Amino acid sequence: MRIFHDSAPRLLHLLLLIELFVLSSSHPIHRSSLCSVYKSMSHHVDRLMDSAKRLHDLTDDELINFEGAESKLDSLPHIPHTAVDLRTIKVNESLARLLNYSQSFQLHVDWLKTARENVSLPFQPAESASTHLLQLSKLIKTSLQQINEEAPPPPSASLPVVSSAFEALQFSVEISGRLQGFGHWSKRVLQLLRSQSHCPRH
Ligand SMILES: *[C@@H]1O[C@H](CO)[C@@H](O)[C@H](O)[C@H]1NC(C)=O
Ligand SMILES: *[C@@H]1O[C@H](CO)[C@@H](O)[C@H](O)[C@H]1NC(C)=O
Ligand SMILES: *[C@@H]1O[C@H](CO)[C@@H](O)[C@H](O)[C@H]1NC(C)=O
């Protein structure tokens, strides 16, 4: 009895310590669902990059004719080439930027699909890229909601009428390149976001 009396306060102390430890080491409630959203986003970026490569159906030899061609679509997002800095990355800002790019590319890809359709070129890869961009935007909005951030207003673009197959090809090559650049950038950003949220690797 006496032993019990003596050890009770210590036991209580110990229990409090354990509780404190559990509280301080627990992650925000939404961590694991945010991780699964990031994972789905990554999946759609992979599929998007597959479609981006197939946006034009030119062989490497044919492609040479288009290389160095002047950029004609000023409204396409410019993806930064510099490495993403892990120390300065802000989750809300990266997600807002990712959404803006994704929505802007979708406008361009939908336009390209119509342009190619108009001049009787295959448009399935553009259609598939559009589907993955749409899914990506939805998932980005979900993750913004989970961190209680507002989605930025959607971008707009005024795009020209395309009157020849040559022009449609030129635009396809340009969008294909930019979209692949966006895919690489997004993969890096997603890796950083996942490591910041301590998401499991797989
Ligand atoms: C979205 O991207 C476009 C370029 O595609 C840029 O002009 C615009 O300022 C961006 N908007 C936001 C809210 O970042
Ligand atoms: C992101 O969050 C920080 C605070 O964590 C805030 O200062 C900043 O304005 C936010 N940026 C945007 C684009 O909402
Ligand atoms: C495709 O054709 C329609 C009908 O002629 C036209 O209104 C539209 O602007 C064209 N789209 C592009 C991207 O050229």
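**Exercise 1.** Asn-118 has a polar side-chain atom 2.3 Å from an oxygen atom of ligand 3; find which residues surround ligand 3 and how much of its area the protein buries.

*Solution.* The model is predicted: local features need pLDDT of at least 70, side-chain atom pairs count only at pLDDT 80 or more, and totals for chains, interfaces and linings use all residues. Residues are numbered from 1 along each chain as its sequence is written, chains are lettered from A and ligands numbered from 1 in the order written, and side-chain values use heavy atoms, without hydrogens and water.

Step 1. Trp-111, Thr-114, Ala-115, Asn-118, Val-161 and Val-162 surround ligand 3 (a heavy atom within 4 Å).

Step 2. A backbone N or O atom of Val-162 lies 2.8 Å from a ligand 3 oxygen atom; a polar contact is a pair of N or O atoms within 3.5 Å.

Step 3. Alone, ligand 3 exposes 360 Å², of which the protein buries 51% (Shrake-Rupley method, 1.4 Å probe).

**Exercise 2.** Determine how helices H4 and H6 are oriented to each other.

*Solution.*
Step 1. H4 spans residues 91-118 and H6 residues 165-196; helices are DSSP runs (H or I) of at least four residues.

Step 2. They pack at about 155 degrees, with axes 10 Å apart; axes are lines fitted to C-alpha atoms over the stretch in contact, and angles run from 0 to 180 degrees between N-to-C directions.

Step 3. H4 and H6 are therefore roughly antiparallel (angles over 145 degrees).

**Exercise 3.** Identify the side chain that has an N or O atom 2.3 Å from an oxygen atom of ligand 1.

*Solution.*
Step 1. Ser-75, Pro-77, Asn-100 and Ser-104 are around ligand 1.

Step 2. The side chain is that of Asn-100.

Notes
Polar contact = N/O pair within 3.5 Å; in protein donor to acceptor, adjacent residues only side chain to side chain. Helix = DSSP H or I, 4+ residues; strand = E, 2+ residues; numbered from the N terminus. Parallel < 35°, antiparallel > 145°, perpendicular 65-115°, else oblique.
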